[in-house]
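Biologist: I would like to learn how to read a model of this kind feature by feature. Could we take the general idea first each time, and then the case at hand?

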Amino acid sequence: MHSPDSIFEIYRRYCDIRSVKSCQVNEPDETRKGKSSRDSLAQLLKFVDLKFHSRIKIFDELLKLMSKLELMADFSEFSRFYDFVFFMCRENGQRNITVNKAVSAWKLVLAGRFRLLNQWCDFQENQRHNISEDTWQQVLAFSRCVHENLEGYDPEGAWPVLIDDFVEHMYRILGSNKEPNFFCNCGDSECRPCTFEDPLPGLKVAPGLKRKLPSFQDEEMDSSDALFPDSTRPNHILNSKTSRLLDYRH
């Protein structure tokens with residue numbers, strides 16, 4: 001039997017509250033139940049603030065909880081625990097968590113699960129915006145479907161801006177370190193057919209694609225001046241998410 005203020009009991013209470021919240025249907029008292037769940041979570045968060053005063057203590061307790069849960073065998077359990085970690089990292093009733101705390105939490109809970117964890121955490125060093133719950137959950141989805149070479153990433157998917165920015169960052173790093181492999185088609189039996197191996201299959205490189213980095217766009221404009229000195233540069237179509245990326249950066 002765990003004490004009422006143990007991390008195990010806090011986790012149990014959190015799961016119970018979330019379970020009630022997720023089971024709500026369109027009933028006359030749905031609004032009242034929703035408010036009750038929010039109030040219960042708010043009260044539990046206040047208790048956590050009083051119980052755990054330092055970030056180090058929170059992560060020590062989370063590590064203790066991890067050792068007792070069947071996280072490797074049951075992804076639904078891990079998903080609940082992952083959401084619980086975000087809840088535990090909130091401070092003073094804030095809806096978002098700081099980047100520093102999010103990075104420490106990701107290193108703890110996604111070790112061995114996220115192939116690009118080190119690169120992702122390093123990328124956060126220059127981020128100024130706090131991490132929302134939606135972004136936190138999307139990072140888990142991203143970690144499950146994307147490989148080291150970004151295969152599995154859908155550039156047209158509804159990813160948060162932070163993940164889109166990270167993919168652009170990785171494209172700049174990995175794309176600059178890998179040469180495309182061409183094979184001649186000269187008829188020599190020793191030669192392989194002319195093919196192109198894309199080092200980043202998760203990205204479709206094409207003019208005007210939203211994955212284009214500003215540095216690459218500048219290089220393309222310079223090359224287009226040399227190729228078409230008497231004509232205007234090709235227009236680059238910016239879709240809605242590209243505009244959203246630009247707004248985010250400014």
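Modeller: Let us begin with helix length, for which the expected span of a helix is taken as 1.5 Å times one less than its number of residues. Please keep in mind throughout that this is a predicted model.

Biologist: What span should the 12 residues of helix 3 have, and how far apart are its end C-alpha atoms?

Modeller: Helix 3, residues 55–66, should span 16 Å at 1.5 Å a residue, and because its end C-alpha atoms are 16 Å apart, the expectation and the model agree.

Biologist: Which residues of helix 3 are buried?

Modeller: Buried means under 20% relative accessible area. In helix 3 this applies to Ile-58, Phe-59, Glu-61, Leu-62 and Leu-65. These residues cover an arc of only 160 degrees around the axis, and they therefore lie on the same side of helix 3.

Biologist: How many salt bridges does the structure hold, and how should I read one of them?

Modeller: The criterion is a side-chain nitrogen of Lys or Arg within 4 Å of a carboxyl oxygen of Asp or Glu, and the structure holds six such salt bridges. One of them joins the side chains of Arg-12 and Asp-16, with an N to O distance of 2.6 Å. Both residues belong to helix 1, residues 7–22, where they are four residues apart, or about one turn of the helix. Asp-16 is partly exposed at a relative accessible area of 40%, and Arg-12 is likewise partly exposed, with a value of 40%.

Biologist: Which residues are linked with Arg-12 and Asp-16 in a network of salt bridges?

Modeller: The network of salt bridges links Glu-9 with Arg-12 and Asp-16.

Biologist: Where in the chain do the partners Arg-18 and Glu-133 lie?

Modeller: The salt bridge between Arg-18 and Glu-133 has its closest N and O atoms 3.8 Å apart. This pair links distant parts of the chain, since Arg-18 is in helix 1 and Glu-133 is in helix 7 (residues 133–145), 115 residues apart. Arg-18 is partly exposed, its relative accessible area being 25%, and Glu-133 also counts as partly exposed, at 30%.

Biologist: Is Lys-101 buried or exposed, and what is its salt-bridge partner?

Modeller: Lys-101 counts as buried, because its relative accessibility is 5% and the cut-off for that class is under 20%. Its salt-bridge partner is Glu-91, with the closest N and O atoms 2.5 Å apart. Lys-101 is in helix 5 (residues 99–109), while Glu-91 sits in the loop between helix 4 (75–89) and helix 5, 10 residues apart.

Biologist: Which residues touch the most other members of the largest nonpolar core?

Modeller: A nonpolar core joins buried nonpolar residues through side-chain atoms within 4.5 Å. The largest one here has 56 residues, of which Phe-81, Phe-84, Met-88, Trp-106, Leu-110 and Trp-136 touch the most other members. Helix 1 through helix 8 each supply at least two residues of this core, and the largest share, nine residues, comes from helix 4.

Biologist: With which residues is Leu-110 in contact, leaving aside its neighbours within four places in sequence?

Modeller: With those neighbours left aside, Leu-110 is in contact with Phe-78, Tyr-82, Leu-117, Val-139, Leu-140 and Ser-143.

Terms used. Residues are numbered from 1 along each chain as its sequence is written. This is a predicted model: local features need pLDDT of at least 70, side-chain atom pairs count only at pLDDT 80 or more; totals for chains, interfaces and linings use all residues. Side-chain values use heavy atoms; hydrogens and water are left out. Buried means under 20% relative accessible area, exposed over 50%, partly exposed in between (1.4 Å probe, protein chains only). The arc is that of the directions from the helix axis to the C-beta atoms. Contact means heavy atoms within 4.5 Å.
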